[in-house]
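Subject: Structure for you, with notes on charged side chains

Hello,

Here is the structure you asked for. My notes on its charged side chains follow below.

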Amino acid sequence: MKVGSQVIINTSHMKGMKGAEATVTGAYDTTAYVVSYTPTNGGQRVDHHKWVIQEEIKDAGDKTLQPGDQVILEASHMKGMKGATAEIDSAEKTTVYMVDYTSTTSGEKVKNHKWVTEDELSAKLEHHHHHH
């Protein structure tokens, strides 16, 4: 998928994502990780957060991390994420996408949501409207 593609999100990392229409705003080839972590702000432990990428893990370099590895997150997708200690659940070499979408529940515009993978998106079918 190219930057600028119109897509439908098929995943629900957040409320209001599933079925939302989105525009791809960025695409990166990287290793995407599913992680479990305890937020630094004292929030509930988060299990199996999707996705954190290689570049968002402190000192990861270019070595693929293995399930069970303990890491420090640099990402700040959510409150309490940055600086949190996390455990790698799984790793996948893939293309990740950043998307702008409109929440199906709140109608709020979400800009540059990180990250969704190719199989969490589907191309939006073009509807041709004929104006008379």
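Which side chain meets that of Asp-47 in a salt bridge? The partner is Arg-45, at 3.1 Å from N to O; a salt bridge here is a side-chain nitrogen of Lys or Arg within 4 Å of a carboxyl oxygen of Asp or Glu. Asp-47 is partly exposed at 47% relative accessibility, and Arg-45 is partly exposed at 44% (buried is under 20% relative accessible area, exposed over 50%, partly exposed in between, with a 1.4 Å probe and protein chains only).

This is a predicted model, in which local features need pLDDT of at least 70 and side-chain atom pairs count only at pLDDT 80 or more, while totals for chains, interfaces and linings use all residues. Residues are numbered from 1 along each chain as its sequence is written, and side-chain values use heavy atoms, leaving out hydrogens and water.

The whole structure has three salt bridges. Another of them joins Lys-124 to Glu-21, with the closest N and O atoms 3.1 Å apart. Lys-111 and Asp-100 also pair, at 3.2 Å. Of these two residues, Lys-111 is exposed at 60%, whereas Asp-100 is buried at 17%.

Glu-56 is buried but has no salt bridge. Its nearest side chain of opposite charge, Lys-114, is 4.4 Å away (Lys and Arg count as positive, Asp and Glu as negative; His and the chain ends are not counted). The side chain of Glu-56 does make a polar contact of 3.0 Å with that of His-77 (a pair of N or O atoms within 3.5 Å; within protein, one must be able to donate a hydrogen and the other to accept it, and residues adjacent in sequence count only if both atoms are side-chain atoms).

Regards
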